[in-house]
Amino acid sequence: PALTAHRAVTADGSPEGQIVLVAGGAGAVGHYAIQMAKLLGAVQVIATVSSDEKAEHARAAGADVIVNYRTEPVPDRVREITRGHGVDRVVEVDIAGNAGLLPKIVAQDGLCVAYGSNAPQAAFEFGPMILSGAAVRFFIVYELSAAVRERGVSDLTRWMAEGRLRHAIGATLPLERTVEAHELVEWGKVIGNVIVRP
């Protein structure tokens, strides 16, 4: 999750000076992405969540503003929060589910970095996307180039040594309960990382 977050926050340049929206800010990747965006100089980090409990978790990671996508209209809130500018970068956990939001929330020439999807296809409306100049970059952490991986590992190692990166451990289970650990993650029953130990 940490290396995925690093790539999402740094793909195609630094988030320094940017307004960053982290979709799923209480998730394992989202929790790290919020922290990294702040560490790398984002001027504002907005996180979307689905509950008050998850809002507190994202806030603890350093999110400046929380939007509950179940109770608030995300595009309206983003326009309000950014005073009409939109977000410069989206760290996206579900590109299929949220593709339609992009032209409504991304600033002119903004970037969406997608590392996950809850469906096999994502559809974009050509007109709104071309008018916004939005770019979408896809990646999977297992296919990172050696140089990108090395930079990520270097930054993560430094931040951990300096005590600047916080880890959220939601549950720790013994190896013989690995199936249960996977189920906890799949069902979203735990906020934070699920650790399996020998």
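Predicted model: local features only at pLDDT ≥ 70, side-chain atom pairs only at ≥ 80, totals over all residues.

Biologist: Okay, helices to begin with. At what angle do α1 and α2 pack?

Modeller: The angle is about 50°, and the axes are 8 Å apart. Helix α1 covers residues 2-10 and helix α2 covers residues 28-39.

Biologist: What do you call that arrangement of α1 and α2?

Modeller: Oblique: angles of 65 to 115 degrees would count as roughly perpendicular and those under 35 as roughly parallel, so α1 and α2 are oblique to each other. The crossing of α1 past α2 is right-handed.

Biologist: Which residues make the contact?

Modeller: On the α1 side you have A2, T4, A5, H6 and V9. From α2 come V29, Y32, A33, M36 and A37.

Biologist: How many of those are nonpolar, polar or charged?

Modeller: In the contact of α1 with α2, eight are nonpolar, two are polar and no residue is charged.

Biologist: And what about α2 with α3, how do their axes cross?

Modeller: They cross at roughly 35° and come within 8 Å. The way α2 passes α3 is a right-handed crossing. H31, I34 and Q35 of α2 meet H57, A58 and A61 of α3. By class, that contact has three nonpolar and three polar residues, and no charged ones.

Biologist: What is H31 in contact with, leaving aside its neighbours within four places in sequence?

Modeller: Leaving those neighbours aside, H31 is in contact with G25, H57, A61, R166 and A168.

Biologist: Let's switch to A37. Where does that one lie?

Modeller: A37 is also a residue of helix α2. Its relative accessible area is 0%, so A37 is buried. Not counting residues up to four places away in sequence, A37 touches V9, P15, V20, A42 and V45. Here's another one for A37: I19 is 18 residues away in sequence, and the two are 9.2 Å apart in space, C-alpha to C-alpha.

Biologist: Now the cores. How many residues does the largest nonpolar core have?

Modeller: The largest nonpolar core has 33 residues. The ones with the most contacts inside it are V22, I34, M36, I66, V91 and L156. Elements giving two or more residues to this core include α1, β1 (19-23), β2 (44-49), α3 (52-61) and α8 (146-161).

Biologist: Which element gives the largest share of this core?

Modeller: That's α2, with six residues.

Biologist: And V22, what does that touch?

Modeller: Setting aside residues up to four places away in sequence, V22 touches G30, A33, I34, V45, I46, A47, T48 and V91. There's also another core apart from that largest one, with 19 residues, among them I81, L102, V106 and A114.

Biologist: Then S50. Where is that?

Modeller: S50 is in the loop between β2 and α3. At 12% relative accessibility, S50 counts as buried. Leaving aside neighbours within four places in sequence, S50 is in contact with N68, Y69 and R70. S50 and A26 are 24 residues apart in sequence and 8.8 Å apart in space, C-alpha to C-alpha.

Biologist: Last topic, backbone. What is phi for D12 and D109?

Modeller: Phi of D12 is near 60°, a positive value in a residue other than glycine. D109 isn't a glycine either, and has a positive phi of about 65°.

Biologist: Why point those out?

Modeller: Because most residues other than glycine have a negative phi. D12 sits in the loop between α1 and β1, while D109 is found in strand β5. D109 has a relative accessible area of 59%, so D109 is exposed.

Terms used:
Residues numbered from 1 in each chain as written. Heavy atoms only, no water. Axes fitted to C-alpha atoms, helices over the stretch in contact; angles between N-to-C directions. Helix = DSSP H or I, 4+ residues; strand = E, 2+ residues; numbered from the N terminus. Parallel < 35°, antiparallel > 145°, perpendicular 65-115°, else oblique. Left-handed = near helix turned anticlockwise from the far one by under 90°. Contact = heavy atoms within 4.5 Å. Nonpolar A, V, L, I, M, F, W, Y, C, P; charged D, E, K, R; others polar. Core = buried A, V, L, I, M, F, W, Y, C linked by side-chain atoms within 4.5 Å. Buried < 20%, exposed > 50% of the residue type's maximum accessible area, 1.4 Å probe, protein only.
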